[in-house]
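User: Hello! I am new to this protein and would like a friendly tour by question and answer.

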Amino acid sequence: MSRLTHDRYCDEITARTEALRATIRGADLGATVPTCPDWTLRELALHVGRAHRWVGEILRTRATEMVPFEQVPENAPGSDDPAALDAWLEEGAARTAEALRAAGPDEEVWSWAWEPSTGFWARRMAHETIVHHADAALTAKTGYEVAPEPAADTIEEWLEIVAFVRSVGDKRAAELTGAGRSIHLHATDAPGAEWLIEFGEDGFTWRHAHEKATVALRGPLTDIMLVFNRRLAPDSDRVEVLGDAELLDFWLEHAVFG
């Protein structure tokens, strides 16, 4: 498993937004999102659309500093009509994917993380949309699947994000230490989709490996990804936890961002 191509990330942004739109079309937009309980389904959709347009503005201006959210044009639909929300989501995703394709992966632009590039934003927006589509599907009680390559890369990007926020002083992530402990993620339906997270005195490292660990999380790759992103409870009957379940819970409580 490895990073996807720039074009594939752009494809995922538009395809996953289309899937999100299909999920919320006809659903109760006032319903509370169980995995993001501060949001309604409409607020979730607005968050996704605003993220796309914010990144689009960073790309358009080739920003070297953070673009304030209030400076992003058209950062809300023109009305409360669900059809306006649907069209706004479609347009924002399409514009951002088009801008990313035109720029390629190597243009230097501002980002909040370790990689100030258009390539970073293509990957980040793809996974942002993938995970929030899961939120919408859980709310609307519809089906949800992700192809193996982006599902695996969602896990790997999250590991990189947690390592980054730990390196810049996040207090919760700072507690992800403890020599001799490890977590094994094992997708049962995708060859090679296995990760070993090993804790040390100075943090954690990860690699692809099939080795005995303090705790193992086994199941379909999409479900492993959802647990890892705190969208599916680890005690779900869709996955299996073997070993020290408290260590997995500890990771999920501390491997957070924002």
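A few questions and answers about helices and salt bridges follow.

Analyst: Welcome! This is a predicted model, where local features need pLDDT of at least 70, side-chain atom pairs count only at pLDDT 80 or more, and totals for chains, interfaces and linings use all residues. Residues are numbered from 1 along each chain as its sequence is written, and side-chain values use heavy atoms, with hydrogens and water left out.

User: How do the axes of helix α2 and helix α4 run, roughly parallel or roughly antiparallel?

Analyst: Helices here are DSSP runs (H or I, at least four residues), numbered from the N terminus. The axes, lines fitted to C-alpha atoms over the stretch in contact, with angles from 0 to 180 degrees between N-to-C directions, come within 10 Å for α2 (residues 41-61) and α4 (residues 118-140) and cross at roughly 170°. Angles under 35 degrees count as roughly parallel, over 145 as roughly antiparallel, 65 to 115 as roughly perpendicular and the rest as oblique. Therefore α2 and α4 are roughly antiparallel.

User: Which residue meets Asp 153 in a salt bridge?

Analyst: A salt bridge needs a side-chain nitrogen of Lys or Arg within 4 Å of a carboxyl oxygen of Asp or Glu. Asp 153 sits in helix α5 and its partner in helix α4, 30 residues apart. Both are buried, meaning under 20% relative accessible area, with exposed over 50% and partly exposed in between (1.4 Å probe, protein chains only). At 2.9 Å, N to O, the partner is Arg 123.

User: Is Glu 74 buried or partly exposed?

Analyst: Glu 74 meets Arg 53 in a salt bridge of 3.2 Å, N to O. Arg 53 is buried, at 7% relative accessible area. Glu 74 has 45% relative accessibility, so Glu 74 counts as partly exposed.

Technical notes. Helix = DSSP H or I, 4+ residues; strand = E, 2+ residues; numbered from the N terminus.
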